[in-house]
Amino acid sequence: MLKKLVAVERLNLTPNANEEFAKRAEEYIFYDDIPSSEEEVIQRAKDADGILVNITTQITANIIQHCPNLRYIGMCCSLYDENSASVDIRCARERGITVLGVRDYGDIGVGEYVISQLTDLLHGFHGKRWGDRPLELTGIPVGIIGMGATGQVVARALRFFGADVTYYSRSHKPEIEEKGIAYLPLDELLQKNICVCTCLNKFVTLLHQEEFEKFGNHKILFNTGLTPACDLDALRTWLSHGDNYYFCDSLMALGDESLKEVENVSCYGGYSGGSYQAIERLTEKSLANLDQFLAK
């Protein structure tokens with residue numbers, strides 16, 4: 001059991017989560033807002049031996065160094081690699097602090113988002129249609145950039161509806177290729193496909209002006225990541241052609257709210273991975289992470 005556990009910001013978990021966390025610490029304090037500065041985070045966490053964070057607040061080396069009792073940092077959000085994490089994991093490791101995050105909780109909703117928006121556009125269910133006639137997903141060439149958990153969910157969903165799916169990733173994924181999804185170099189993937197879906201970690205920007213030129217026009221681009229996967233100026237230039245379409249769910253993924261006013265940009269301002277079921281999975285895995293730490 002921890003001596004003092006502090007949720008330093010609002011956690012997007014189920015209503016009973018605070019009650020469950022309280023069972024795992026002698027003292028549990030949770031804040032239902034977002035701290036405005038590093039100093040405020042330090043004030044909240046300075047004497048805690050465990051803290052909980054969401055995706056919003058950055059836990060920097062400075063914060064970690066001002067919390068001498070800290071032994072555990074629970075990221076109640078996605079943690080896929082150190083470079084994209086909202087916690088300075090390298091600093092935490094050097095000080096013997098365990099950092100655990102969550103994987104694979106909201107990917108199903110993201111897959112549903114891509115399928116629903118793409119089929120809507122191809123058929124023209126709500127008035128705006130990509131082509132001159134309604135189209136099924138059957139045989140439509142779709143490329144996926146990034147074949148992590150989200151990319152795999154999107155790929156499975158597209159394949160179920162008969163799309164011609166190819167992928168690009170930093171490394172080959174033999175288990176994906178065994179399922180009939182071919183790897184292509186990035187340039188070839190952009191040139192081949194009508195629709196491309198970027199499923200990348202935070203802060204990974206892969207599409208620049210050169211890539212958009214390879215992609216060409218009369219195309220569809222999805223971003224399922226938490227931050228933009230493309231250079232925003234290059235995106236604006238590409239969208240200026242008028243027959244290109246861009247989809248993302250959250251304003252954070254959009255990168256610039258003014259892009260919502262650009263023709264053929266769709267951003268509904270929420271998070272497609274934030275369904276009721278996803279939040280339940282996130283809560284269960286966040287609690288399991290703490291139990292794993294306490295069992296050491």
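Start at Ile220. Skipping its neighbours within four places in sequence, Ile220 is in contact (heavy atoms within 4.5 Å) with Leu118, Leu121, Leu122, Trp130, Ile194, Cys195, Val196, Phe215, Trp238, Tyr245 and Phe247. A quick word on ground rules: this is a predicted model, where local features need pLDDT of at least 70, side-chain atom pairs count only at pLDDT 80 or more, and totals for chains, interfaces and linings use all residues. Residues are numbered from 1 along each chain as its sequence is written, and side-chain values use heavy atoms, with hydrogens and water left out.

Ile220 is also one of the residues that touch the most other members of the largest nonpolar core, along with Leu118, Ile144, Leu158 and Phe222; the core has 28 residues in total. Here a nonpolar core is a set of buried Ala, Val, Leu, Ile, Met, Phe, Trp, Tyr and Cys residues joined through side-chain atoms within 4.5 Å, and buried means under 20% relative accessible area (1.4 Å probe, protein chains only). At least two residues each come from α5, β6, α6, β7, β9, β10 (220-223) and β11 (245-248), with helices (H or I, at least four residues) and strands (E, at least two) taken as DSSP runs numbered from the N terminus. The largest share, six residues, is α5's. Apart from this core lies another, of 25 residues, including Cys230 and Leu254.

Now look at α6. Its end C-alpha atoms are 17 Å apart, which agrees with the 16 Å that twelve residues (149-160) should span at 1.5 Å a residue, the expected span being 1.5 Å times one less than the number of residues. Ala149, Thr150, Gly151, Val153, Val154, Ala155 and Leu158 of α6 are buried, and their cover includes α5 (107-123), β6 (141-145), β7 (164-168) and β9 (195-198). Just after the helix, Gly162 has a positive phi of about 90°.

Helix α6 also gives the most, four residues, to the lining of the largest pocket. That lining counts 40 residues, with Tyr80, Gly148, Cys199, Leu200 and Asn201 nearest the pocket's centre. Besides α6, β4 (72-78) and α5 each give two or more residues to it.

Strand β4 turns up again in the second largest pocket, where three residues from β4 make up the largest share of the lining. Asn12, Asn54, Ile55, Thr56 and Tyr271 lie nearest the centre of this one, among 18 lining residues. For both, a pocket is an open set of points on a 1 Å grid over the protein atoms alone, where a 1.4 Å probe fits, with protein on both sides within 12 Å along at least five of seven lines; lining residues have an atom within 4 Å of a point.

Note on methods: Buried means under 20% relative accessible area, exposed over 50%, partly exposed in between (1.4 Å probe, protein chains only).
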